[in-house]
Amino acid sequence: MALKRSAVRIRYAPPIASPTQPHRPPSEKKSEKPGKSTFVTSPICPLVCHLPPPKHMNILVTGGAGFIGSNLVQYLLGKAPKALGQEVTKVVNLDKLTYAGNLSNLQPIASDPRHVFVEGDIIDADLMTRLLAEHAITHVMHLAAESHVDRSIDSPFPFVETNVVGSFQLLDACRKHWEEQGKGEAIRFLHVSTDEVYGSLELNDPAFSESNSYLPNSPYSASKAASDHLARAYFHTYGLPVITTNCSNNYGPYQFPEKLIPLMIQKVIRGENLPVYGDGSNIRDWLYVEDHCSGLFRSLVKGQPGETYCIGGKREMRNIDLVRTLIEVIRELVEDVEIRPADEIITFVTDRPGHDKRYAIDCTKICSELGWEPDETFESGIRRTVQWYLDNPEWIAAIEDKSYQLERLGQKG
Ligand SMILES: NC(=O)c1ccc[n+]([C@@H]2O[C@H](COP(=O)([O-])OP(=O)(O)OC[C@H]3O[C@@H](n4cnc5c(N)ncnc54)[C@H](O)[C@@H]3O)[C@@H](O)[C@H]2O)c1
């Protein structure tokens with residue numbers, strides 16, 4: 001299963017703009033200058049004009065070797081074009097390969113000539129500038145981040161460095177490229193964020209929506225909130241066509257085993273006790289990762305620049321109920337291993353410092369305005385997820401050999 005680096009194209013493939021594959025069809029290019037009749041002035045920002053997005057998409061994905069990023073790259077090179085009549089001509093996948101980045105996540109698309117993997121850091125402005133120009137990038141999907149709340153408690157600096165400064169460098173490189181290309185819709189920038197920027201809900205509060213105030217509580221969510229503000233500012237100040245999404249908790253294949261669902265799956269399979277934070281009553285809203293990917297692609301293609309879209313699974317669950325469900329699903333799917341009763345293996349451990357009580361997303365806007373709906377129910381998505389981890393033990397084994405042995409993180413607060 002492990003993918004050798006040489007099997008992926010690393011660093012600088014030839015520029016993709018070529019006479020046979022133009023950056024933009026000439027007919028569209030002509031009307032890119034503001035003031036032409038095909039433009040509609042944005043009600044939100046008079047600087048921006050909207051054109052139908054180009055059919056040919058050369059997409060820069062940042063963080064594409066991580067959990068959501070690798071699912072997204074596979075989606076872009078698979079189902080996505082058919083979904084909205086777009087043609088994804090190139091995906092440039094930029095990833096620093098931190099502990100969370102994993103080339104083996106890209107195995108299924110290793111031989112796809114449209115995929116170019118580049119090992120690099122979003123904080124490197126020169127590299128960003130070069131990639132945007134060399135690959136005639138028309139769309140950016142920005143996912144690269146330090147993403148684990150517990151790690152942000154132990155060591156917040158990398159979160160500020162990547163999520164805040166890195167996002168700034170990427171936005172600024174995109175702005176300059178966009179200006180050089182004549183502005184308009186020369187580039188679309190999708191900023192991928194989290195519902196955690198909105199803080200924590202009480203049990204009876206309405207779910208988060210796009211109009212909620214920002215109240216981040218962890219170094220992770222604070223750093224994501226800062227990057228959301230920068231993305232917003234780049235739209236309002238410069239007119240860069242930025243769209244932001246705030247999504248609830250994802251689950252699915254390729255999720256690093258420090259996160260709740262893959263961690264619990266491993267521990268159940270191995271007959272170990274299951275450490276549940278606090279009393280297990282914290283509530284999260286769960287979305288299958290491929291449904292998040294379809295929401296991101298739809299937001300990128302059909303979203304309105306300057307707008308924010310909340311994406312959620314419409315499925316709130318207490319952590320304790322989620323863990324009990326996992327035990328039951330694993331018991332059904334693994335016939336030859338005896339799984340001890342839930343009450344015997346669940347152990348309640350000291351809570352995460354500042355643990356947000358509840359997240360929930362009201363995704364009415366993306367559903368009604370952009371026509372997005374998740375395909376998976378929680379029941380179908382969780383079975384697919386458990387089955388994937390059962391089928392890919394070597395994927396977890398490689399991580400355990402290298403960087404993480406399922407230990408508890410985030411107790412420094
Ligand atoms: N996982 C979730 O439930 C969830 C929910 C909502 C939003 N998000 C957001 O989605 C994005 C992806 O999350 P994920 O769970 O896939 O994270 P992840 O930690 O699995 O992956 C992050 C990827 O970014 C790369 N990366 C980190 N720093 C980088 C840098 N400086 N330059 C280039 N690459 C770098 C890592 O190597 C890794 O491949 C993040 O922005 C996160 O905030 C995640």
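Which residue in E8 is the bridge partner of His191? In this predicted model, local features require a pLDDT of at least 70 and side-chain atom pairs count only at pLDDT 80 or more, whereas totals for chains, interfaces and linings use all residues. Residues are numbered from 1 along each chain as its sequence is written.

The bridge partner of His191 in E8 is Thr244. The chain passes from E7 through helix H7 (residues 219-238) to E8 in a right-handed β-α-β crossover, right-handed denoting a clockwise path from the first strand over the helix to the second with the strands pointing away from the viewer. Helices (H or I, at least four residues) and strands (E, at least two) are DSSP runs numbered from the N terminus. E7 and E8 (residues 242-247) pair in the parallel sense over six bridges, pairing requiring at least two DSSP bridges between two strands. Strand E6 (residues 139-142) also pairs with E7 in the parallel sense, over four bridges, and Met141 stands opposite Leu190 in E7.

Seven of the seven residues of E7 (residues 188-194) are buried, so the strand is largely enclosed by the rest of the structure. A residue is buried if 20 or more other C-beta atoms, placed from the backbone, lie within 10 Å of its own. Arg188, Leu190, Val192 and Thr194 are buried on one side of E7, and Phe189, His191 and Ser193 on the other.

Among the 31 residues around the ligand, Gly63, Gly66, Ala100, Gly101 and Ala145 come nearest. The elements giving two or more residues to this shell include E7 and helix H2 (67-76), and H2 contributes the largest share, three residues.

Methods
A residue is buried if 20 or more other C-beta atoms lie within 10 Å of its own, exposed if 12 or fewer, and partly exposed in between; C-beta atoms are placed from the backbone. A residue is near a molecule or strand if its C-beta atom, placed from the backbone, lies within 6 Å of it.
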